[in-house]
Amino acid sequence: MREMYFDNILIADIVEKTAHFHGFEKGFNVVTSQDNHVGKSSLLKSLYYTMGAEVDFDNVWNKNTKLYVVEFYIDEIKFRVARWQKAFALFRGTELILTTKSVSRDLAKEYEKIFSFSVYMANKKTNKIELAPPAFTFMPYYIDQDRGWSGLYESFSNIDQYKKPDRIKSLYYHLGIYTRSTVELMAQKDALKDKIEQLKAEEEKIRITIDSLYAEIQNLVPADSIEELERNLMIPKERIAFLVSRIGETRNKIQSLETALYQHEHQLEVIQEYRKIKDGVNILEDRENIRTCPKCGYSFDEEIYSIVRSNYNLQNEDYMYKQIEQIISSIASELEKYKENYVGLMDELKQQEQAYDEKQDSYEVYLRQRGLQDSVKHFTEQLGGNVYEQEKHGKEIKDIDKELRKLPNKKEVEENYIENVRLNIIKLDAWNSAYEGNIKLLKPIKAQGTLENKIILAQMIGLFQTMQYFHTNTILFPLVVDSPRAKEASHTSSKDILKLIFEMDNLPQVVLATMDYEDFEKEMKRRAKVTVLTEKRKLLNSDVYNKYQILIEDLKELLDSL
């Protein structure tokens with residue numbers, strides 16, 4: 001497993017002609033003091049700032065007047081990076097390998113080479129996968145005094161070009177779950193899904209177009225030549241003549257049935273009126289009105305009834321009444337069938353008339369028919385190609401999923417992480433039942449007040465413990481922690497926090513800033529290089545500047561030339 005650790009840092013104020021040089025050892029390094037404002041935080045902030053990550057300095061610290069130089073090792077190879085405002089120079093040993101003002105493009109790419117590690121994410125504006133700036137390479141390895149104890153992995157600034165859920169997912173790179181090729185596969189998969197959705201929308205439009213063309217073709221006579229078209233046109237012409245004849249016959253039959261139906265209905269009314277008179281109903285009313293047909297105006301009398309009775313050859317009024325009702329029902333049913341047949345014949349006639357229009361030139365009909373057929377053929381070919389593309393992309397997605405399944409098991413990683421964090425919280429005497437089931441790698445838990453530092457530290461160290469458990473084959477960087485005891489008044493709690501940090505045995509280097517370290521030093525199981533700062537606001541001085549003046553001026557001249 002590759003590892004990086006800091007060798008030293010030089011900070012020089014170009015305006016004030018002052019500087020500070022600080023050396024580090026591999027392993028544990030502690031910067032301590034008995035008072036605040038001696039420069040501990042500025043020193044620690046400067047480390048990853050020099051490497052290209054953005055941090056928020058104290059208001060009295062003018063970062064733009066200072067030149068920063070960090071020397072670090074990757075395995076046994078020494079590198080140097082110098083930063084002046086937005087300009088960077090990177091050396092391998094004494095060889096200058098990069099000068100740039102672009103952190104995200106040039107510096108990040110060079111780091112990708114020398115670290116054999118990088119983070120790729122989708123830019124939230126362009127949604128394109130891109131190489132992330134160095135802040136994400138160092139993100140899990142830095143807790144800032146001002147920003148880091150209010151939100152896990154939020155110590156660096158100027159990272160809003162990526163969505164917050166994507167930023168936290170960069171942890172998968174450090175765990176070896178994601179690599180550049182992995183993210184490229186996932187981006188390719190998302191792009192294929194988008195293409196399939198576009199193809200489905202196009203497919204729907206093509207199908208609607210083809211259906212419309214088929215409906216239009218139904219009204220045209222198929223033909224491969226004008227001569228064939230003219231012969232085919234004779235077919236609908238003859239059919240039209242036949243239909244006109246049938247329609248006339250059907251219309252006459254309907255009229256005949258309607259007349260018969262009316263006659264039988266009227267005779268049924270005659271019988272009803274006769275029965276009323278015979279039975280003595282409405283005798284006192286005007287007999288003329290009773291015996292007059294309300295439809296035709298004829299007067300009803302015994303002679304009319306005799307005619308009705310003779311029509312049905314029956315003497316019994318009740319039986320005759322039922323017979324007439326049956327006849328009426330039969331005529332009505334037959335009439336309905338003829339009406340339906342008439343409607344059908346009229347629809348067919350309309351279609352045939354559209355197919356054969358003597359006013360339309362045969363050549364124009366032919367061209368239109370051929371054009372529609374060519375269009376149908378064209379769109380059908382498009383539809384086939386569309387469906388083929390969807391199937392091809394679906395297969396490509398399956399192949400990508402097969403490759404992604406070869407990655408480390410996220411579930412196992414998550415379970416190990418949860419257990420590590422839970423034990424860390426218990427060690428810090430900060431466990432709360434509310435945390436049960438809520439510990440998640442990509443959704444850090446939060447606490448209030450004095451517990452906040454403990455919960456954040458427990459989760460960060462839990463990440464490193466998980467990396468160690470799975471023997472993650474990614475480079476390890478120095479853990480830089482500023483003021484982990486800031487909210488702790490208790491000596492016991494402060495000791496527990498420091499002991500948890502000093503239990504880390506898989507990181508190449510830890511740089512820790514804390515107050516009054518001498519009160520706890522004897523209880524720590526690991527030796528550390530301890531630096532005590534004493535003078536307030538005098539981290540930089542002129543003696544150090546004079547000692548490194550040639551180096552400072554040479555680097556300043558180089559960076560000014562960019």
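Start your tour by selecting T472, which touches M1, H174, L175, G176 and M467, leaving out residues up to four places away in sequence; contact here means heavy atoms within 4.5 Å. T472 sits in the loop between α13 and β11 (479–482). Helices (H or I, at least four residues) and strands (E, at least two) are DSSP runs, numbered from the N terminus. T472 counts as buried, at 3% relative accessibility. Buried means under 20% relative accessible area, exposed over 50%, and partly exposed in between (1.4 Å probe, protein chains only).

Before moving on, a word about what is on your screen. This is a predicted model, in which local features need pLDDT of at least 70 and side-chain atom pairs count only at pLDDT 80 or more, while totals for chains, interfaces and linings use all residues. Residues are numbered from 1 along each chain as its sequence is written, and side-chain values use heavy atoms, with hydrogens and water left out.

**The whole protein**

Zoom out and colour by secondary structure: the protein has 16 helices and 13 strands. Of its 562 residues, 45% are buried. Among contacts between residues at least 6 apart in sequence, 72% join residues at least 24 apart. The accessible surface comes to about 30,100 Å², and 47% of that belongs to carbon and sulfur atoms. Accessible areas come from the Shrake-Rupley method with a 1.4 Å probe; for residues, only the protein chains shown count as cover.

**Into the core**

Next, select F6, Y48, M51, F72 and F115. Of the 105 residues in the largest nonpolar core, these five touch the most other members. Helix α13 (residues 451–469) gives the most to this core, with nine residues. Apart from this core lies another, of 17 residues, including A19, V69, A82 and L559. A nonpolar core is a set of buried Ala, Val, Leu, Ile, Met, Phe, Trp, Tyr and Cys residues joined through side-chain atoms within 4.5 Å.

Now centre on F6 and show what surrounds it. Neighbours within four places in sequence aside, F6 is in contact with F24, L47, Y48, M51, V70, E71, F72, P478, V480 and Q509.

**A buried helix**

Select helix α1, residues 40–50. How many of its 11 residues are buried? The count is 11 of the 11, so the helix is largely enclosed by the rest of the structure. Among these buried residues are K40, K45, L47 and Y48. Past the end of α1 comes G52, whose phi is positive, near 115 degrees.

**Around D13**

Move to strand β1 (residues 4–13), where you will find D13. D13 counts as buried, at 6% relative accessibility. Leaving out neighbours within four places in sequence, D13 is in contact with T18, T65, K66, L540 and Y545. Show the side chain of D13 with that of K66: the two make a polar contact (3.2 Å). A polar atom of the D13 side chain also lies 2.9 Å from the backbone nitrogen of E16. A polar contact is a pair of N or O atoms within 3.5 Å; within protein, one must be able to donate a hydrogen and the other to accept it, and residues adjacent in sequence count only if both atoms are side-chain atoms.

**Salt bridges**

Side chains of opposite charge can pair when their charged atoms come close. The structure holds 25 salt bridges, each a side-chain nitrogen of Lys or Arg within 4 Å of a carboxyl oxygen of Asp or Glu. Select these pairs in turn:

- E54 and K63 meet in a salt bridge (3.8 Å, N to O). E54 is buried, at 11% relative accessible area, whereas K63 is partly exposed, at 24%.
- R80 and E71 meet in a salt bridge (2.9 Å, N to O). R80 is partly exposed, at 21%, and E71 counts as buried, at 13%.
- K495 and E523 form a salt bridge, their closest N and O atoms being 3.2 Å apart. K495 lies in helix α14 (residues 491–502) and E523 in the loop between β12 (509–515) and β13 (528–532), so the pair ties together parts that are 28 residues apart in sequence.

Finally for this stop, select D7, E71, K78 and R80, which salt bridges with shared partners join into one network.

**Last stop: the surface**

Show the surface and select L423, I426 and W431, which make a nonpolar patch of about 250 Å². Patches are made of residues with over 30% relative accessible area and no salt bridge: like charges are joined within 9 Å, nonpolar side chains (Val, Leu, Ile, Met, Phe, Trp, Tyr) within 5 Å. I426 belongs to helix α12 (residues 410–427) and is partly exposed, with a relative accessible area of 41%.
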